[in-house]
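Welcome! Take a look at the view below, and then read on.

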Amino acid sequence: MATYIPFINIFHTLYEELISFFGIRSIIEMSKSGDYSKLHTLDGILSIVSPLVPFLLLLEIVRALFYKRFKIEDYKVPFLIFVANRFISRFISILAVAWCIDHLLPIAIFKSSISWYWLIYGYIIWEFAHFIYHYLAHKVRLFWCLHSTHHAPEQMNLSVSYAHFFLEAPYADVIRTSICIIMGVSPPLLFLIMFIDGTWGAFIHAGENILKDGRLGFLNRVILTPSHHRVHHAKNPLYMDTNFCNLLNIWDRIFGTFQYEEKETPIEYGITRKINSKSFLDVYFGEITALGRDVAKAPGIKNKILYILKPPGWSHTGDHKTASIIKKSMNPGKKERENEKVLV
Ligand SMILES: [Zn+2]
Ligand SMILES: [Zn+2]
């Protein structure tokens, strides 16, 4: 009898993991107790929205299987990364957010509450903080080492939203939480925004298998859609380092990094470094190894530090291959002309 116990434990652990992955614990508890009154609260509404992305991912895989477009390698690396990150990343992130709130709340410029106008204010600040984190993640080589794991997949699907280096979430959350708390976004409002942003941020990774045209009709002109985020994941020179926002793309428009998806330029997903995107180790540690090699061979301490702080592609020899240099050399002024064309 005792020999069955480990098996029972394995099934129980798997069951718990599935429940938590799909975010359906609250729904199961409500249906068991028959008490649905929680649905009238914000917590209850959030518990209904939580399973959205995991279930869409399941639907995406089922559809891909049905149309015989399913390729295990499109999902394998993001899945392995998800498993690797499952506990440690979340644990560090929660500690980092709690630390920032504790230390920065006393110096907040004012105190907001939860209402529709504070939500708009908080969201604009959050997007600004997200822009800062995301811009630095692309423009500082050290931070790119943390972020490149997310850009490595060469196909777009919902599993990509789970593909992050384990230290990226803590780094992103420290920047975003600090800016928001100092700017007066109260912790409950911040958690609500984090939830909306997390759900939308995952949804914009819906791939062509589930959403052929990611423009979402007129919304493409108002908010950041899956189409804009596909552009962000592209390695085409025109698309590199654009669309850093998540839901409201005001800061991309203000800072000149906004870019529409164009019919004449089909998206090529991935990063420009030669990479084996099927290898978990290369996707996860490849960029760190490359930086280590560059730092080791750089002459002098100043060059070594510059490799860490300058954008990816910077070289001590002066032969830079940064995104802005590649973009300029490909087609100067094209972006501006094309954007005008789309807006007409
Ligand atoms: Zn990015
Ligand atoms: Zn993404």
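## The largest pocket

In this predicted model, helix α10 contributes the most to the lining of the largest pocket, supplying seven residues. The space inside this pocket comes to about 1,700 Å³. Its lining is made up of 50 residues, and those closest to the centre of the pocket are Arg-90, Ser-161, Tyr-162, Met-194 and Gly-198.

What classes of residue make up the lining of the largest pocket? There are 21 nonpolar, 20 polar and nine charged residues.

Next, find the zinc ion (ligand 1). Its protein donors are the NE2 atoms of His-134, His-138, His-147, His-151 and His-232, which lie 2.1 to 2.2 Å from the ion. Read along the chain, these donors follow the spacing H-x3-H-x8-H-x3-H-x80-H.

His-134 and His-138 are four residues apart in helix α7, so about one helical turn separates them. His-134 has a relative accessible area of 4% and is buried. His-138, at 6% relative accessibility, counts as buried as well.

How far is the zinc ion (ligand 1) from the zinc ion (ligand 2)? They are 5.9 Å apart. The zinc ion (ligand 2) is coordinated at 2.1 Å by the NE2 atoms of His-150, His-205, His-229 and His-233. Along the chain, the spacing of these donors is H-x54-H-x23-H-x3-H.

The angles among the four donor atoms of the zinc ion (ligand 2) run from 92 to 161°, and the site is irregular.

## A lysine in helix α7

Finally, return to helix α7, which spans residues 116-139 and includes Lys-139. With a relative accessible area of 18%, Lys-139 is buried, because the cut-off for that label is under 20%.

Which side chain does the side chain of Lys-139 meet in a polar contact? The partner is the side chain of Asp-241, at 2.9 Å.

Definitions and conventions
Residues are numbered from 1 along each chain as its sequence is written. Chains are lettered from A and ligands numbered from 1 in the order in which they are written. This is a predicted model: local features need pLDDT of at least 70, side-chain atom pairs count only at pLDDT 80 or more; totals for chains, interfaces and linings use all residues. Side-chain values use heavy atoms; hydrogens and water are left out. Donors are N, O and S atoms within 2.8 Å of the metal (3.2 Å for Na, K and Ca); water is not among the atoms, so sites may look incomplete. Four donors count as tetrahedral if all angles lie between 85 and 135 degrees; four count as square planar and six as octahedral if opposite donors are over 155 degrees apart and all others between 65 and 115; anything else is irregular. On a 1 Å grid over the protein atoms alone, a cavity is a set of points where a 1.4 Å probe fits but cannot get out, and a pocket is an open set with protein on both sides within 12 Å along at least five of seven lines; lining residues have an atom within 4 Å of a point. Grid points are joined across faces, edges and corners, and a volume is the space filled by probe spheres set on the points. Helices (H or I, at least four residues) and strands (E, at least two) are DSSP runs, numbered from the N terminus. Ala, Val, Leu, Ile, Met, Phe, Trp, Tyr, Cys and Pro count as nonpolar, Asp, Glu, Lys and Arg as charged, and the others, Gly among them, as polar. Buried means under 20% relative accessible area, exposed over 50%, partly exposed in between (1.4 Å probe, protein chains only). A polar contact is a pair of N or O atoms within 3.5 Å; within protein, one must be able to donate a hydrogen and the other to accept it, and residues adjacent in sequence count only if both atoms are side-chain atoms.
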